[in-house]
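Have a look at the sequence and the structure on the screen, and then I'll talk you through it.

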Amino acid sequence: MTRARTWRAWKHASLHLAMLAVSFCMLLPFYWVLKTSLTGENIFVYPPGIVPVHPHLFYYIDVWYYIPFPRYLLNSVVVSVLSIAANVVFNALAAYALTRHFRGRGAVITILLSCMMIPFQTTIVPAYLITAKLGLLDSYLGLALPTFSTIICIFVYKASFEAVPRSLIDAARIDGLSELQIIRRIMLPLSTSAVATNVVLSFIWSWNNFLWPLIVVRDPLMQTLPLGLSRFLSYHENTTGALYAFCIMVLAPGILLFLMAQKEFIRGLTSGATKG
Amino acid sequence: MRSTFLRIVRHRFVAVPLLIVVAVLGWNAYVVTHGDGIVRGVVLGPDGRPLAGATVTMMEQNFTTNSDRGKTMTREDGAFEFTDNRSHNIQLRAEKPGVGRSDVVVVRLYFRAQDVTLREPLRVTKPAG
């Protein structure tokens with residue numbers, strides 16, 4: 001009995017040690033970026049310093065003032081909010097439709113799945129032409145339009161919706177709820193994990209999007225943060241500390257949102273995974 | 001009703017953005033009340049005593065350039081004051097003909113036009129040789 005307990009304790013400890021080692025390897029680059037943003041020291045210096053020497057926040061202040069950072073931040077926030085709102089609504093509608101039985105449902109799912117294999121770069125010219133025809137170049141709507149619905153997020157919703165008992169939907173229908181009301185009052189409240197996953201994924205994708213804003217934006221004041229980062233790099237090559245501070249300022253909102261929603265996010269991604 | 005409100009406010013998706021908004025508002029209130037662009041300091045001579053009549057030059061530092069933003073003279077007690085700083089990254093230098101000049105002192109501020117009083121005086125030294 002004691003031997004078995006000792007063995008279990010050893011197993012537990014070694015598992016945690018391994019997880020600590022993996023976490024260390026994963027977090028070290030982030031720590032390095034953070035440390036450099038606070039000290040501005042040369043990242044190639046040998047031997048590398050682990051503890052930051054005379055850390056300060058002035059590189060962050062330089063980034064805030066030397067480039068139109070608040071404007072870039074506003075642009076990124078507006079585009080991300082549009083993208084999140086559209087993803088949460090449109091993906092839910094599409095996913096609910098896919099949980100219903102209709103002729104050609106299998107074909108629609110097959111087409112959607114195969115569309116996932118097509119990289120965005122191959123469709124960027126038609127996407128640009130459509131956006132230009134709609135008169136949405138250099139606009140928030142034009143920036144957010146291609147990220148309004150993502151197929152992966154539709155399937156995240158679909159897996160979550162399929163876990164809702166059929167009898168509940170039938171009861172709602174008998175009570176006189178329309179299909180839209182069923183989605184809004186029953187499906188979405190019961191699928192908070194899927195909603196959180198949609199929010200996090202759509203936010204991260206639109207927040208980090210570089211190629212599409214690079215193509216549709218001509219006005220410097222409509223640039224988003226990733227474009228601003230590239231512009232910053234081309235202007236100021238020798239400002240290591242400010243550059244890393246910029247990276248942290250771009251990364252921080254995404255990390256914060258993920259930390260807030262990580263429980264729901266992981267549950268949303270794994271829901272339906274064990275469904276028979 | 002009250003418990004529902006508290007439950008919503010305590011939810012992390014509401015509490016964290018609220019905290020951020022409060023912090024931003026607080027910071028902006030501090031900036032408004034401490035952002036008159038006043039830079040104060042003292043100039044000491046080679047003998048360590050306050051130096052009157054020295055010219056203090058304020059330069060604005062950018063990533064790649066420095067540009068003069070103003071000059072002022074020290075008073076009898078060696079004190080000087082600029083009231084029109086609009087930068088967050090300035091350099092100061094004091095000099096007096098026949099006495100010498102100080103090293104350039106970099107002053108980093110947390111926001112543009114932050115009011116600041118230098119902790120260390122500018123020390124004018126005789127030119128070498």
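So, taken over C-alpha atoms, the centres of domain 1 and domain 2 of chain B are 39 Å apart. Those two domains run over 2–33 and 39–123 of chain B, and the bounds come from an automatic or database domain assignment. Before I go on, a word on ground rules: this is a predicted model, where local features need pLDDT of at least 70, side-chain atom pairs count only at pLDDT 80 or more, and totals for chains, interfaces and linings use all residues. As for labels, residues are numbered from 1 along each chain as its sequence is written, while chains are lettered from A and ligands numbered from 1 in the order in which they are written.

How does the predictor score it? The average pLDDT of chain B is 91, with 98% of the residues at 70 or above; pLDDT being the predictor's confidence in each residue, from 0 to 100. For the complex, we get an ipTM of 0.85 and a pTM of 0.80.

Now the contact between the chains. Chain A puts in eight residues and chain B nine, where a contact means that the C-beta atoms of two residues, placed from the backbone, lie within 7 Å. On the chain A side, helix H2 (residues 58–66) gives the largest share, five residues. Helices here are DSSP runs of H or I, at least four residues, strands are runs of E, at least two, and both are numbered from the N terminus. By class, that side of chain A has five nonpolar, two polar and one charged residues. For the classes, Ala, Val, Leu, Ile, Met, Phe, Trp, Tyr, Cys and Pro are nonpolar, Asp, Glu, Lys and Arg are charged, and the others, Gly among them, are polar.

On to chain A itself. How many helices and strands does chain A have? There are 13 helices and zero strands. Its radius of gyration is 23 Å, well over the 19 Å from the globule rule for 276 residues, so chain A is more spread out than a compact globule. That radius is taken over C-alpha atoms, and the rule is 2.2 Å times the number of residues to the power 0.38. Along the principal axes, the C-alpha atoms of chain A fill a box of roughly 75 × 70 × 30 Å.

Eight residues of domain 1 of chain A are in contact with six of domain 2. The domain 1 side of that contact has three nonpolar, five polar and no charged residues.

What about the inside? In chain A, 30% of the 276 residues count as buried. Buried means 20 or more other C-beta atoms within 10 Å of the residue's own, exposed means 12 or fewer, and partly exposed is in between, with C-beta atoms placed from the backbone. The largest nonpolar core has 24 residues, and Tyr157(A), Val199(A) and Val200(A) have the most contacts inside it. H10(A) supplies the largest share of this core, eight residues. A core, by the way, is a set of buried Ala, Val, Leu, Ile, Met, Phe, Trp, Tyr and Cys residues joined through C-beta atoms within 7 Å. Leaving out residues up to four places away in sequence, Val200(A) touches Leu257(A), Phe258(A), Ala261(A) and Phe265(A). Apart from that core there's another, of 16 residues, including Leu225(A) and Phe246(A).

Now for the outside. Is helix H8 of chain A, residues 166–174, buried or in the open? Of its nine residues, zero are buried, so H8 lies largely in the open. Asp175(A) sits in the loop between H8 and H9, and is exposed, with 9 other C-beta atoms within 10 Å. Just after H8(A), Gly176(A) has a positive phi of about 100 degrees.

Most residues other than glycine have a negative phi. His54(A), though, has a positive phi near 50 degrees. His54(A) is in the loop between H1 and H2 of chain A and is exposed, with 8 other C-beta atoms within 10 Å. Asp138(A) also isn't a glycine, and its phi is positive, about 60 degrees. Asp138(A) is in the loop between H5 and H6 of chain A, and is partly exposed, with 14 other C-beta atoms within 10 Å.
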